[in-house]
Amino acid sequence: MFLSKELKERSDVTDATVTMGTPINLNLLKEQGYSLDTLKDVTPADLVIALDCASEKIFAEALTAVDEMLAGKKKSSSGSPTGSGLPHTKTLDSALDTLLDANLAIISVPGMYAPREVKKALNKGLHVMLFSDNVSLEDEIALKKLAREKGLLVMGPDCGTTIINGKPICFANMADRGLVGIVAAAGTGLQKVSCLINRFGSGVSQGIGTGGRDLKNAQVGGTTMLMGIEALGADPETKAILIVSKPPAPEVASKVVQALEKTGKPSVVHFIGLKSDIPARPSIHFAANLEEASRWAVALAKGEQIDVQSRREWPFDQSRAEIEALVERETRRMSKTQKYIRGYYTGGTLTDEAWILLRGLTGAVYSNNQTDPAFVLPDPIKKRRKPLKNGAGTCWLLLL
């Protein structure tokens, strides 16, 4: 990301992308217009640098700048080889010699190398935020087992968002400190609820990411989620706990609810898209969407009661007249022939939430973020699909 930013800021470079050579990333490069003829032997462990330049000379100069940045010879606009102003070290041991009180390691290396680096960090007594993806299920299970034995968290793999002690890490937002603790198996879900919690008048004590498989896979068993809940239960600064996750394995969902009940703290759970028969508890509330979950968590943290029934009957802050006026204003601008809704999202959680809500209204909703082929976004040029059922038009939701 740092390299991409530095290259894009060069006046002689039209566009630049620096990414790992995964199939998804290669396909994105192809869609951007780059030829993949020279990338036939690229693996997910390879770094791909794609440059759009006006001439071969500019291209060569940009490559020289890349070599200098990778070698740490060229300083960025912030004055540091890393672009952060922080000390730059090349090994974990030298980093710990520099930061004597460090207790968290952020690891972002190709998936095949990640387990080795995570073990090093755990054996040094460090919690781990594992940004890397393409880590095998077997390695994830083994790493989280080791972490649990040591009383440490492994947040990930493929964990992109965490807020620890008020510090946003990787793809996280600046959030005020407050009374709500979050554990999320959804990166953009954590981002959104942390912002909403601030908007609704509170803040985040801790925001712990788990990685998507933590709850989804019964073998992983929600290890990080359960440890996160336990930590928030023991944290005096956390007055209410908010759980956000894409649909978990049913047996893992039950463990999560039991762990929340054990903390004795009021809690809100939003399992996105999960139709569950888990019975409600006096201290645990099941929210229907991210906004409702955030609002309830703030109320509970302040010691307020939430009127679930009235919120379900009318979930908006605005009055009925205000909502009707909004709908009338927006529909007035629509063409009579308009029948498609197309949504573009930069997060799987936000895409899924919109898909669930809209599918409940029309049924005719497709998305490239769905695993069921019946709902996968079709190519609008090569193939048209009829609405799934009684829908006048089709809704396409695209995850970017």
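Cys 170 has its place in strand S7 (residues 167-170), where strands (E, at least two residues) and helices (H or I, at least four residues) are DSSP runs numbered from the N terminus. The model is a predicted one, in which local features need pLDDT of at least 70 and side-chain atom pairs count only at pLDDT 80 or more, while totals for chains, interfaces and linings use all residues. Residues are numbered from 1 along each chain as its sequence is written, and side-chain values use heavy atoms, with hydrogens and water left out.

**Exercise 1.** Describe the backbone and the accessibility of Cys 170.

Solution. Begin with the backbone: Cys 170 is not a glycine, and yet its phi is positive, at about 60°.

**Exercise 2.** Examine the loop between strand S5 (154-155) and strand S6 (161-164).

Solution. Pro 157 lies in this loop, and the peptide bond that joins Gly 156 and Pro 157 is cis, with omega at about 5°. Asp 158 is also found in the loop between S5 and S6, and has a positive phi of about 60° although it is not a glycine. Its relative accessible area of 52% makes Asp 158 exposed.

**Exercise 3.** Work out how strand S10 (residues 240-245) is enclosed, and which strands it joins.

Solution. Six of the six residues of S10 are buried, so the strand is largely enclosed by the rest of the structure. In a regular strand the side chains alternate between the two faces of the sheet. Here Ala 240, Leu 242 and Val 244 point one way, and Ile 241, Ile 243 and Ser 245 the other way.

Next come the neighbours, given that two strands pair if DSSP finds at least two bridges between them. Strand S8 (residues 177-185) runs parallel to S10 and is joined to it by six bridges, with Ile 182 having Leu 242 as its bridge partner. Five bridges join S10 to strand S11 (residues 267-271), again in parallel, and Ser 267 is the bridge partner of Ile 241.

**Exercise 4.** Determine how helix H6 (residues 137-150) and helix H9 (residues 223-234) are arranged.

Solution. Their axes come within 10 Å and cross at roughly 25°, where axes are lines fitted to C-alpha atoms, for helices over the stretch in contact, and angles run from 0 to 180 degrees between N-to-C directions. H6 and H9 are therefore roughly parallel to each other, a term for angles under 35 degrees, with those over 145 counting as roughly antiparallel, 65 to 115 as roughly perpendicular and the rest as oblique.

Notes:
Buried < 20%, exposed > 50% of the residue type's maximum accessible area, 1.4 Å probe, protein only.
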